[in-house]
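Welcome! Take a look at the model below, and then work through the exercises one step at a time.

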Amino acid sequence: ILRFAASEAQHNLERWHGRLNLVADSRAAEASAWLNRYLGNVEQLAGDASVQLYASQMVAAGNSDVAEAQRGYVYSLLSATAERTGFHEKTPIDNVKANVQRPRRAGLALIKADGTPLVATAGMPMLRPGDWPADSRGSFIALGPTLSDKTPLVLFGAPIIGDEGAT
């Protein structure tokens, strides 16, 4: 009887192990799909011809009035894209028309090759140039720095190719 009970306990353990493996695999697949969906949105934005054109012109122009106008257009495009694709954390403070600090936990930005931002949405956390993966030649998903409230950041990136090559 003891041998039978031990055998049944082992079979039950193996069945539970199999079930837990199925659950873990399905959760991993869902997490991968979620990450790839956001990366796809970033890659689509990086592939946009107007973003490529304006980014290459802003890098070439420096701080002229033309570059500021282009930054305004790209800012509007990034802000609309951030809200549409989930890179904007909607909070009640967004509706307050006052000079109060808003959380900076999610956003989109165009980053130059040296890591300095060209344009960033209002909710984009301010990251130092060293916070971006230095060796990324193509699209990437990386764990970013932890914010002051201990929130970890996930960074999604895709290169923007301008007329002169990588921007």
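**Exercise 1: A residue in its place**

Ser 56 is buried, with a relative accessible area of 5%. Buried means under 20% relative accessible area, exposed over 50%, and partly exposed in between (1.4 Å probe, protein chains only). This is a predicted model, in which local features need pLDDT of at least 70 and side-chain atom pairs count only at pLDDT 80 or more, while totals for chains, interfaces and linings use all residues. Residues are numbered from 1 along each chain as its sequence is written, and side-chain values use heavy atoms, with hydrogens and water left out.

Solution, step by step:

1. The C-alpha atom of Ser 56 is 8.6 Å from that of Ile 160, although the two residues are 104 residues apart along the chain.
2. Between the C-alpha atoms of Arg 37 and Thr 85, 48 residues apart along the chain, the separation is 9.3 Å.

**Exercise 2: Helices and strands**

Solution, step by step:

1. The protein has 3 helices and 6 strands.
2. Opposite Ile 111 stands Pro 117 in β2.

**Exercise 3: The nonpolar core**

Task: Which residues have the most contacts inside the largest nonpolar core?

Solution, step by step:

1. A nonpolar core is a set of buried Ala, Val, Leu, Ile, Met, Phe, Trp, Tyr and Cys residues joined through side-chain atoms within 4.5 Å.
2. The largest one has 18 residues, and Leu 78, Phe 87, Leu 108 and Leu 110 have the most contacts inside it.
3. α1 (2–47), α2 (49–61), α3 (65–85) and β2 each supply at least two residues of this core.
4. The largest share, 5 residues, comes from α1.
5. A second, separate core of 8 residues includes Met 124, Ala 142, Leu 147 and Leu 155.

**Exercise 4: The largest pocket**

Task: Which strand gives the most to the lining of the largest pocket?

Solution, step by step:

1. On a 1 Å grid over the protein atoms alone, a pocket is an open set of points with protein on both sides within 12 Å along at least five of seven lines, and lining residues have an atom within 4 Å of a point.
2. The largest pocket is lined by 44 residues, of which Trp 132, Phe 140, Phe 156, Gly 157 and Ala 158 lie nearest its centre.
3. At least two lining residues come from each of α1, α2, β1 and β4 (152–157).
4. β4 gives the most, with 6 residues.

Methods. Helix = DSSP H or I, 4+ residues; strand = E, 2+ residues; numbered from the N terminus. Pairing = 2+ DSSP bridges. 1 Å grid on protein atoms, 1.4 Å probe; cavity = no way out; pocket = protein on both sides within 12 Å on 5 of 7 lines; lining within 4 Å.
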